[in-house]
Amino acid sequence: MGAGGRDFHDFNTVFREDDSVHVVAFTAAQIPGIDGRVYPSSLAGRLYPSGIPIRPEAELGEIVREESVDTVVLSYSDLSHEDVMHRASQVLAAGADFTLLGPHATMLEASKPVVAVTAVRTGCGKSPTSRRIGSLLAAAGHRVGLVRHPMPYGDLEAMRVQRFATLEDIDRARPTVEEREEYEEPVALGMTVYAGVDYAVVLELAQRECDVLVWDGGNNDLPFFRPDLHVVVTDPFRAGHELTYHPGEANLLRADVVVVNKVTSAPPAKVRQVLAAVASANPFATVVTADSVVTLDPGPSLEGKRVLVVEDGPTLTHGGMSFGAGTVAARQEGAAELVDPRPCAKGTIAGVFAANPHLGAVLPAMGYSAQMLEDLGATIEAVGADVVVTGTPIDLARLLPTSSPVRRARYEIREVGRPTLADALAPLLRLLHRPVAVGEGVR
């Protein structure tokens with residue numbers, strides 16, 4: 001059971017070469033339009049000459065019964081513990097075992113030091129934390145490779161191994177909006193970004209070219225590479241979720257460093273709640289308090305204007321947030337009205353709003369397909385706002401020209417007090433100045 005990423009990795013690392021097991025299907029959820037495909041034989045290996053079908057999760061019970069399935073493996077992330085058990089109940093009712101694979105079975109060993117950045121929920125601030133850590137390592141004179149959690153929503157064979165060092169590299173790959181959100185900013189900072197489908201091959205390339213790897217996680221998933229330093233980001237705006245979502249709680253329990261983000265913007269009581277939860281769940285972790293500092297690129301004033309805010313899509317959808325950096329920036333700059341895009345939503349974007357009733361006067365930057373991207377552009381045009389503020393990490397105006405002027409909101413991690421991320425990285429930096437044994441940790 002997956003969402004086009006962790007599921008493929010679990011298959012590749014645990015099942016691909018195991019001739020005592022026959023994998024009958026992947027099921028797909030969370031991401032629109034990724035079912036109905038086939039995991040190709042070139043990736044599935046010698047035991048699967050016809051590949052493996054990818055079917056909707058709604059057909060799970062039918063698959064179990066039709067194929068006399070013995071075991072179902074849950075291989076995707078950002079599910080509440082309650083939702084995990086609902087899926088387990090469906091599997092048990094159909095007669096099969098329900099399994100979760102652990103880190104020891106699925107993490108790959110790197111020959112270079114690895115800093116893993118993960119989170120307890122989608123939208124906590126992993127990406128700016130990864131960029132901050134990558135910049136600190138680069139400033140210390142090291143060649144940094146940022147390895148991004150997979151987002152293989154297109155041609156799986158073509159995406160087996162991906163390497164992005166320039167904006168032109170990204171353009172040539174024709175990625176989705178969601179992929180661009182994770183690739184453009186690190187590349188602009190001079191980092192090389194690696195991604196793909198087969199992470200053993202991705203790792204081989206990345207560690208050959210770099211001194212140190214930063215694992216930039218997706219959702220709240222566990223790392224694919226065994227980390228020498230594991231940094232986990234939390235979000236006081238969703239206090240309590242650090243203990244009630246899978247596998248975010250496992251990340252928290254395994255963390256070497258916990259970043260409590262948004263501490264100056266979240267309610268103080270919520271910050272205290274997260275700090276108390278961290279102290280109770282993982283008292284040995286180093287705790288870094290930080291804020292996501294939002295700035296707006298130059299452009300027309302927002303004061304007194306009707307503003308359409310376009311936010312990072314996954315943060316709003318399976319992340320469950322109702323606002324993001326764009327909303328914060330628009331309010332800070334005195335927007336008179338945040339225009340509600342729902343009455344103007346077109347095609348697939350209308351479907352996104354229907355599936356996410358918690359959303360209000362904010363437009364998620366959804367672009368998993370060409371049609372969805374076209375519908376996003378049509379929705380922006382139909383709203384006809386005085387100014388569009390984008391809180392997505394990509395240059396949306398470059399991708400979707402609009403008749404309304406666009407101002408881009410950017411957000412970066414800034415530590416509040418001590419220890420800082422530089423303090424947390426100090427043992428790793430010392431490690432980088434001497435030979436490292438494979439799998440050696442820094443604690």
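How many bridges join strand β1 (residues 26-28) to strand β3 (residues 52-56), and do these strands run parallel or antiparallel?

A: The model is predicted, with pLDDT of at least 70 required for local features and 80 or more for side-chain atom pairs, while totals for chains, interfaces and linings use all residues. Residues are numbered from 1 along each chain as written, and side-chain values use heavy atoms, without hydrogens or water.

Strands β1 and β3 run parallel and are joined by 3 bridges; strands are DSSP runs of E of at least two residues, numbered from the N terminus, and two of them pair if DSSP finds at least two bridges between them. In this pairing T27 stands opposite R55 of β3. Strand β2 (residues 38-39) also pairs with β3, but through 2 bridges and in an antiparallel sense. There V38 faces P53 of β3.

Next, the helices (DSSP runs of H or I, at least four residues). The axes of α14 (residues 347-355) and α15 (residues 370-383) come within 6 Å and cross at roughly 85°, the axes being lines fitted to C-alpha atoms over the stretch in contact and the angle running from 0 to 180 degrees between N-to-C directions. α14 and α15 are therefore roughly perpendicular to each other, a label for angles of 65 to 115 degrees. In contact, meaning heavy atoms within 4.5 Å, are G347, T348, I349 and V352 of α14 with Q371, M372, D375, L376 and T379 of α15. By class this contact holds 4 nonpolar, 4 polar and 1 charged residues, where Ala, Val, Leu, Ile, Met, Phe, Trp, Tyr, Cys and Pro are nonpolar, Asp, Glu, Lys and Arg charged, and the others, Gly among them, polar.

There are 2 cavities of 30 Å³ or more; a cavity is a set of points on a 1 Å grid where a 1.4 Å probe fits but cannot get out, with lining residues having an atom within 4 Å of a point. The largest has about 50 Å³ of space, and its lining includes R131, E185, R408 and Y411. Strand β20 (residues 406-415) gives the most to this lining, with 5 residues. The classes are 3 nonpolar, 1 polar and 5 charged. The second largest cavity has about 40 Å³ and is lined by residues including I380, V388, L396 and V406. Its lining has 6 nonpolar, 2 polar and no charged residues, and β19 (387-390) and α16 (396-399) each supply at least two residues.

Technical notes
On a 1 Å grid over the protein atoms alone, a cavity is a set of points where a 1.4 Å probe fits but cannot get out, and a pocket is an open set with protein on both sides within 12 Å along at least five of seven lines; lining residues have an atom within 4 Å of a point. Grid points are joined across faces, edges and corners, and a volume is the space filled by probe spheres set on the points. Angles under 35 degrees count as roughly parallel, over 145 as roughly antiparallel, 65 to 115 as roughly perpendicular and the rest as oblique.
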